[in-house]
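Morning, everyone. Please have a look at the structure first.

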Amino acid sequence: MKKNLLILLLLVACQSQKTDAPAAVEPIPTARQLAWQELEFYGFVHFNMNTFSDMEWGMGDESPSQFNPTALDTRQWAKTVKDAGMKGIIITAKHHDGFCLWPSAYTDHSVKNSPWREGKGDLIRELADACAEYGLKMGIYYSPWDRNHADYGKPEYIDYMRNQLTELLTHYGDVFEVWFDGANGGTGYYGGANEERRVDKKSYYDWENTFGLVRELQPEAVIFGDAGPDVRWVGNEEGIAYETTWSNLMRDSVYAGMPEYSEKYASGQENGSHWVPAESDVSIRPGWYYHEYEDHKVKSLPALLDIYYNSIGKNSSLLINFPVDRRGLIHERDVEQILKLSTKIKEDFAIDLAQNAEISTSNARGKGFEGKQVLNSEKDTYWAAEDGVLENTITLAFEKPITFNRFVVQEYIPLGQRVKTFSLEIETETGWKEIAKGTTIGFKRILRLDDFTTGKIRLVIQDAKASPTISSIGIFNAPKLVVEPNLLRDKSGNINLLVPEKGVDIFYTLDGTAPDKSSHRFEKSFQIKEPTILKMISIDPKTGKSSEMVQENLDIAKANWKVIHMDEKAQNLIDEDPNTFWTSTGNEAVIDLGALIQTQGFAYLPPQNRYMSGVIQEYLFEGSLDGKKWTTLSKGEFSNIANNPIKQEVSFNPVSVKFIKLKAIKTSDGKNAAFAELGVISRKNQGDNL
Ligand code: FUL
């Protein structure tokens, strides 16, 4: 009897012993990379000489006297970044034009020769202090390419670069990321002081020793570059990672600035040799640097939210840039938008429904690796399958059906990235139904789904490099994104109203009254041919939450209009699409309105593309009954159009015309006049014939 008891006790003791952890699947992250992975979301600041020269890539011959912010406040940057839920700030200490934000001992081309703080300022010091105060980390962007330094292209420049890195990495405390830009014009196309000095990007910077210096001075810092070595570029500047994003990279095949990088390497490779995870960088405006003419182009909440889900939700970190303005502040509109984003993210992930689920798994490795490990917030615990078992399911069962639309899953990356394909299924009355599929998971994968209601959800891992390890699963029911509707109208007057999210209703009025949920509900496209004021609003029917109201002053439809120019592209100026434009070699646009139209003004939309050319600043507007004899209806300037290229509306005494002509007297850059749209402001039964 006693003997049996002993055997039983021994058996129990053996079973309660912790099961061995799975072996790592190489490559795996280093300690500094693991710490970096936790940051996820941090801010970029582009601010230096380009802010004052109004350029994106300065030439290097700018005078330090141009650098003169009037109200620089790094604490305002830090507060914004902190409030937005970001963990740090990377600052452009030196961009391609070579101007230095700190008083480097190795060049005169720096703040020390600027009027700012009477040449006594040190912006990196001020930022380091502000970051410390707000509990943020600081990173350094340093452009290897230098259009100012006399030695660029020669071996001496490498000493200069290392001396400067030594200053930056020893004088300001801990740095979490050193960002080496891969850009080097070197084409002769852009001009610039050192353009003719092409360098061999692979060998010139002697990266091995330069990285060695960074390691020596800041052992905890990750180094960013196209080729890593620690963090890689995502391959675009839109802030978007790939459906399949491996943290593994064939690092030895890549070098910074290689032309085929984006296409061949940016999404990583399943069998990449090194752990070099992706970082998605994007600016909150079209440009990296501040330009007043982009004040109306700060990214909308839907656009920022798409970026968030397509970067952090796809195994990448997110680096959002603020083009700090000439005052030295993050512009009010940028602050407003980034805070809208962080508020929405907090709402989306407010309550983790998975916490109430019962977990079961198709395979269990043993003690310490049970399914329930995916629900605790400790990062060192995870569920793991037995060795060699690649196909697995993790099922979450709820007492009562839940409604959800977000699914978050994380692999336990200290043992390497493993999952190759997975799907998500819900239990329905007729059995399991697949609602989403994916490829890689990595550090974090977020599925943004329609609403589903079910009592059971299961993650099905179909294939993996080795038996999977999952550290976390989260399930959320994000509230609907309720933002102002967008209006699209074609030439014939067909109207479409759009909101980014399904299940949100749009209500509108055509009689000038304020819309509410008793107004017309938009169901399908309709036509408006005559001048009409359309007011619209969007409402989430479940919560009653509504957007701000938008008013569109629609004018006569352009269905019968003809452009009097042989160039096919001239149609762009009456296609009602703000994103297309036409450049007129004759510096004018003439339109046959197809009928007599009583008009009391005109509307001109300049090109909306990033590098606008031919924006009309001084104009002459004429009307005609026969297209031959013209009468001047208005003459003047569009003030501030170059800085704020929005639709310009000009009124005059009502007249009836059949032809209109907008002529450029002067354009912003002296180039041929360009038109995105041209229209009239008309009124029925008003005005006299010419
Ligand atoms: C690019 C640079 O050329 C841009 O000016 C900007 O700094 C961006 C983040 O990286 O390569």
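Helix α6, residues 155-170, packs against helix α7, residues 207-217, at an angle of about 20°. Their axes are 10 Å apart. Keep in mind that this is a predicted model.

How do α6 and α7 run relative to each other? Angles under 35 degrees count as roughly parallel. The angle here is about 20°, so α6 and α7 are roughly parallel to each other. The crossing of α6 past α7 is right-handed.

Now the residues. From α6 we have Met161, Arg162, Leu165, Thr166, Leu169 and Thr170. They meet Trp207, Asn209, Thr210, Leu213, Val214 and Leu217 in α7. By class, that contact has seven nonpolar residues, four polar and one charged.

On to the second pair. Helix α4 covers residues 74-83, and helix α5 covers residues 123-134. They pack at an angle of about 40°, and their axes are 8 Å apart. That angle makes α4 oblique to α5. Which hand does the crossing have, left or right? α4 passes α5 in a right-handed crossing.

Which residues of α4 and α5 meet? On the α4 side, Thr74, Arg75, Trp77, Ala78, Lys79 and Lys82. On the α5 side, Leu123, Glu126, Leu127, Ala130, Glu133 and Tyr134. This contact of α4 with α5 divides into six nonpolar residues, one polar and five charged.

To recap both pairs. For α6 and α7: about 20°, axes 10 Å apart. For α4 and α5: about 40°, axes 8 Å apart. That's it from me.

Definitions and conventions:
Residues numbered from 1 in each chain as written. Predicted model: local features only at pLDDT ≥ 70, side-chain atom pairs only at ≥ 80, totals over all residues. Heavy atoms only, no water. Axes fitted to C-alpha atoms, helices over the stretch in contact; angles between N-to-C directions. Helix = DSSP H or I, 4+ residues; strand = E, 2+ residues; numbered from the N terminus. Parallel < 35°, antiparallel > 145°, perpendicular 65-115°, else oblique. Left-handed = near helix turned anticlockwise from the far one by under 90°. Contact = heavy atoms within 4.5 Å. Nonpolar A, V, L, I, M, F, W, Y, C, P; charged D, E, K, R; others polar.
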